[in-house]
Amino acid sequence: MPQNFLTRDALSLLKQKSMLVALFVLAVSVAGYLYYFSIADYHRLPKVESAIQAPLKQLPNFSQYTDVKAKKDKFFAMLYPILANENQHVLVLRKAIIELETLTELNEQQLKWLSDVATFYKVDSTLPHEQQFSTLLRRIDIVPISLALTQAAIESGWGTSRFAQQANNLFGQWCFTKGCGVVPSARDSGKGHEVATFPTVNHAVRAYIRNLNTHPAYNQLRKERAKIRTNGEIITGIALAPALINYSEEGALYVNKVVKFIKQNKLQRFNQQFNHSPLSK
């Protein structure tokens, strides 16, 4: 009659083999873990600036539209995916910063990446890491699409202005090096600014988002956005609009114009996608 149990020696041998297998699996797992975080981890860190996909090199001629609704729909449809892509990359960077913040020590490559991000977002890379992370997380965040669409429409006259058509400049951004853009016809005597020229509409959108995320004039906007995120609320254009009082010489009148525009065009509908993205946490 066959035995349905193992002898003591056989059981002991089986236990030894099982232990060796377990140790081997553990060793492989640890080696894989270390390999992932010491080599592959750096290579999965996102580029500071993402490659621009399907660049829009020139705006359509929006003056051809005699129907106001058709012009608005075309304008929003043209600009929305560009804004979405740029905001998505901002969230990818934000996620990477959050992950690095949890590590007790950063390797050389991670430190280099962090320094590059700090430089792009105009943060002093010599600051203690804790201060760098907190400042970067306040700067690396989305600009509500409802706000961006509104400002683009207002500043460019629905894409029909000379600066929009000749320089892809939708947001009225200035530059200060001779030849960097288009000279405004109404520029005051003694002033040297120009309206910046961008190679694509995508570059104009990227520069606009970076401007709001770095310029001292919009520090209050970043503080308000961080407060909204901390409270777990939705970041909206209407909520951030009051912090744009320095964006235009019109001041409070400009803020009221932005809020009214968002409401009239029902642009709140564009706020949902990025507020509910897992990357936005």
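## Cavities

The residues lining the largest cavity divide into six nonpolar, three polar and four charged. The model is a predicted one, and it holds two cavities of 30 Å³ or more. For the largest cavity the volume comes to about 100 Å³. Its lining is made of 13 residues, and those closest to the cavity centre are Glu86, Val90, Phe120, Tyr121 and Arg206. Helix H2 and helix H7 (201-214) each supply at least two residues of this lining.

The charged end of Arg210 sits over the ring of Phe120, at 4.2 Å from the ring centre.

## Overall composition

The protein has 281 residues, and buried residues make up 41% of them. Its secondary structure comes to 11 helices and three strands. Read from the N terminus, the order of elements is α-α-α-α-α-α-β-β-β-α-α-α-α-α.

## The sheet

The three strands form an open sheet in the order S1-S3-S2, and the pairing is antiparallel. Strand S1 (174-175) and strand S2 (181-182) are the edge strands, each pairing on one side only.

Strand S3 covers residues 194-196 and runs antiparallel to S2, to which two bridges join it. Within this part of the sheet, Val182 stands opposite Val195 in S3.

## Aromatic pairs

A search of the whole structure gives 12 aromatic pairs. One of them is formed by Phe62 and Tyr65, with 6.3 Å centre to centre and 35° between the planes, a tilted arrangement. Phe62 is buried because its relative accessible area is 0%. Tyr65 has a relative accessibility of 23%, so it counts as partly exposed.

Tyr80 and Phe270 form another tilted pair, at 5.2 Å centre to centre and with 35° between the planes. This pair links distant parts of the chain, since its members are 190 residues apart: Tyr80 belongs to helix H2 (residues 68-101), and Phe270 to the loop between helix H10 (252-264) and helix H11 (272-275). With a relative accessibility of 22%, Tyr80 counts as partly exposed. Phe270 has a relative accessible area of 15%, which is under the 20% cut-off, and is therefore buried.

Both pairs belong to a cluster. Ring pairs link Phe62, Tyr65, Phe75, Phe76, Tyr80, Trp158, Phe261 and Phe270 into this cluster.

## Buried helix residues

Leu93 is placed in helix H2. Its relative accessible area is 0%, so Leu93 is buried. Along the sequence Leu93 and Glu49 are 44 residues apart, while in space their C-alpha atoms are 9.3 Å apart.

Val258 is found in helix H10. A relative accessible area of 1% makes Val258 buried. The C-alpha atoms of Val258 and Pro242 are separated by 9.1 Å, and the two residues are 16 apart along the chain.

## Positive phi angles

Where does Asn168 lie? Asn168 is in the loop between helix H6 (162-167) and S1. Although Asn168 is not a glycine, its phi is positive, at about 55°. Asn168 counts as buried because its relative accessibility is 6%.

Lys266 is placed in the loop between H10 and H11, the loop that also holds Phe270. Phi of Lys266 is near 50°, again a positive value in a residue other than glycine. Is Lys266 buried or exposed? The relative accessible area of Lys266 is 58%, so Lys266 is exposed.

Tyr80 in H2 belongs to the pair with Phe270, Leu93 has its place in H2, and H2 supplies at least two residues of the lining of the largest cavity. Helix H10 holds Val258, and the loop between H10 and H11 holds Lys266.

Definitions and conventions:
Residues numbered from 1 in each chain as written. Predicted model: local features only at pLDDT ≥ 70, side-chain atom pairs only at ≥ 80, totals over all residues. Heavy atoms only, no water. Pairing = 2+ DSSP bridges. Helix = DSSP H or I, 4+ residues; strand = E, 2+ residues; numbered from the N terminus. Phe/Tyr/Trp six-rings, centres within 6.5 Å; stacked < 30°, edge-to-face > 60°. Buried < 20%, exposed > 50% of the residue type's maximum accessible area, 1.4 Å probe, protein only. Lys NZ or Arg CZ within 6 Å of the ring centre and 35° of its normal. 1 Å grid on protein atoms, 1.4 Å probe; cavity = no way out; pocket = protein on both sides within 12 Å on 5 of 7 lines; lining within 4 Å. Points joined across faces, edges and corners; volume = space filled by probe spheres on them. Nonpolar A, V, L, I, M, F, W, Y, C, P; charged D, E, K, R; others polar.
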